Amino acid sequence: LTENSNQNANVVGGRLSSVEHLRAWDKNAVTEVVEYRGETTIVVPRELLRATAARCRDAASMQFNLLTDATCLDRHPYEPRFEVVYQLVCISRRDKLRLKVRLSGKDPVIDSLVPVWPGANWLEREIFDLFGIHFNEHPDLRRIVLPDDWEGYPLRRDYPVEGFRDIPVMPLGFTKTSI
Amino acid sequence: MTTVETAVGQAKTMVLNMGPQHPSTHGVLRILLELDGETVVKAVPDCGYLHTGIEKSCEDKTYSQAITLTDRMDYLNPLGNNLVYCMAVEKLLNLEVPKRAQYIRVMMVELQRISSHLVWLGTHAIDLGAMSVFLYCFREREEILKIFEMFAGQRMMTSYIRIGGVALQPPAGWRQAIERFLKYMPSRVDEYETLLTENRIWMGRTKNIGYISAEDAIALSMTGPTIRAAGVAYDNRKLFPYSSYDEFEFDVPTRTDSDCFGRYMIRVAEMRESLKIVRQALDKITDDGAIKAEAPGIVPPAREKMKTEMEALIYHFKIFTEGFSPPAGEAFVTVESPRGELGCFIASDGSPKPLRVHFRSPSFINLQALPKLVEGQLISDVIACIGTIDIVLGEVDR
């Protein structure tokens with residue numbers, strides 16, 4: 001998974017300064033930097049996610065004021081299986097950044113980013129609904145697209161595409177010859 | 001079943017269920033409204049009635065097969081959905097698309113933007129009681145759909161944009177058809193404006209209704225005409241140009257009033273800007289040239305080649321049975337859809353099927369600002385506010 005990562009990548013000035021800024025601010029904030037197809041991904045430890053996100057928004061050299069997307073991906077059966085991904089945009093500097101947190105399948109709990117960006121509310125509800133990631137201190141953690149009594153988390157890789165429902169079987173008498 | 005906790009907790013408020021079958025919700029959106037008389041105290045949107053699991057289905061299809069699923073998310077902007085998905089796969093593959101195909105894509109997507117805004121304008125006006133605008137808007141939309149049918153053989157679910165380019169060469173007579181459209185369309189936009197912009201009822205129903213400040217709009221991750229009406233010139237076509245948009249000259253209209261009227265004015269202005277872009281694209285598209293990238297094993301070979309060359313036949317067979325495998329990695333691409341920033345996040349694990357496909361749908365994220373827009377307003381303004389957010393429920397629920 002880390003074959004594309006290169007901590008010493010020769011990257012565009014603005015992005016490099018974001019990574020360096022975060023490293024200077026807290027040496028534990030950046031565990032890995034992935035440069036791929038011109039996109040920068042910073043892997044953040046779970047404990048520092050909210051503080052790092054707030055730093056990305058507030059620091060004068062970063063100003064990532066728009067949280068454009070949040071999603072999750074499941075690498076089952078590998079561990080840590082979940083990767084929660086946040087896409088940030090700085091409108092004034094025309095810059096993008098991706099934050100990523102790796103979570104194990106045994107303990108899929110993470111701090112909510114709603115206190116930093118209120119727009120994270122529905123995005124995190126969607127991740128909770130479809131992946132079963134729990135967000136600490138989320139103001140309204142309910143299912144959003146599935147019914148409240150749905151069992152399981154459909155976007156996990158171990159959830160079959162056709163679901164767990166019984167495939168209806170044709171009654172025996174109802175065959176072509178009987179008609 | 002979503003329930004609402006009463007905000008005031010006093011006997012004088014009542015909870016009213018609006019939708020999911022109410023015509024002004026533009027699909028199947030349900031809103032729980034807590035009312036004090038006619039004033040909205042609290043609004044809780046409830047969505048998911050149209051959830052079809054498109055993202056999950058994409059994981060079970062090859063990269064090319066999933067294009068048809070993207071058409072069906074935002075059914076007023078299928079070409080834009082095709083575009084963002086194909087661009088994300090092309091980014092994973094590091095595939096360069098020929099310039100001519102890029103210009104065709106731009107032209108089609110801008111025509112789609114006009115048609116989407118026309119549906120929006122017509123239905124929004126009918127919600128607020130202006131019946132005739134709907135008929136005029138759909139008259140012009142029909143012309144755009146005819147152009148799509150000419151290009152792709154389909155009116156709505158075109159799947160015209162493919163990985164590496166577009167599906168077909170532009171058909172005979174396409175230039176005249178678009179010239180004709182560009183000739184009459186500006187005066188038609190004027191016509192809608194004559195009906196609405198200075199209409200006293202229209203102004204009464206939209207001015208100072210559904211205000212949101214620029215700070216709140218950014219904090220709530222809003223994009224598209226909604227955020228531009230709040231004075232933030234955030235447009236992916238300008239900020240992060242894709243598909244050669246940097247070669248086109250157009251303005252990003254912004255306003256500062258940020259109410260329903262402002263959002264209406266922004267969308268009308270965007271229709272005029274889109275016409276400018278279509279005109280420039282028409283001049284840039286040469287009469288002949290490549291419409292697909294040269295990428296054996298990814299882009300299917302031409303039919304004649306497949307019938308005559310052994311190698312092309314093998315590639316054809318491989319693409320349609322097994323598909324192709326982009327290298328492991330992730331890509332996030334955003335485009336400007338008529339509703340805002342449409343994004344596609346694809347993760348590949350090096351197999352012929354994507355590990356994860358996620359769509360950042362502008363309708364879904366803009367909809368979460370609805371309570372902010374309507375709380376404290378009258379119940380009739382809720383309808384105006386749903387209209388100006390311009391949601392498509394197929395995209396909200398995916």
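The model is predicted: local features need pLDDT of at least 70, side-chain atom pairs count only at pLDDT 80 or more, and totals for chains, interfaces and linings use all residues. Residues are numbered from 1 along each chain as its sequence is written, chains are lettered from A and ligands numbered from 1 in the order in which they are written, and side-chain values use heavy atoms, with hydrogens and water left out.

Chain A contains three helices and seven strands, where helices (H or I, at least four residues) and strands (E, at least two) are DSSP runs numbered from the N terminus. Along the sequence, their order in chain A is α-β-β-α-β-β-β-β-α-β. Chain A has 179 residues, of which 50% are buried (under 20% relative accessible area, with a 1.4 Å probe and protein chains only). Of the contacts (heavy atoms within 4.5 Å) in chain A between residues at least 6 apart in sequence, 52% link residues at least 24 apart.

In chain B, helix α4 (residues 99-127) packs with helix α16 (residues 379-389) at an angle of about 180 degrees, the axes being 9 Å apart. Axes are lines fitted to C-alpha atoms, for helices over the stretch in contact, and angles run from 0 to 180 degrees between N-to-C directions. The two helices, α4(B) and α16(B), are therefore roughly antiparallel (an angle over 145 degrees). On the α4(B) side, W120(B), H124(B) and D127(B) meet I383(B), A384(B), G387(B) and T388(B) of α16(B). The contact of α4(B) with α16(B) comprises three nonpolar, three polar and one charged residues. Here Ala, Val, Leu, Ile, Met, Phe, Trp, Tyr, Cys and Pro count as nonpolar, Asp, Glu, Lys and Arg as charged, and the others, Gly among them, as polar.

A pocket is, on a 1 Å grid over the protein atoms alone, an open set of points where a 1.4 Å probe fits, with protein on both sides within 12 Å along at least five of seven lines; lining residues have an atom within 4 Å of a point. The largest pocket has 35 lining residues, and K292(B), V299(B), P300(B), P301(B) and A302(B) are the closest to its centre. Helix α13(B) gives the most to this lining of the largest pocket, with seven residues.

The second largest pocket has 29 lining residues, the closest to its centre being M87(B), K91(B), Y242(B), F332(B) and V333(B). Strand β5(A) provides the largest share of the lining of the second largest pocket, four residues.

Key: Parallel < 35°, antiparallel > 145°, perpendicular 65-115°, else oblique.
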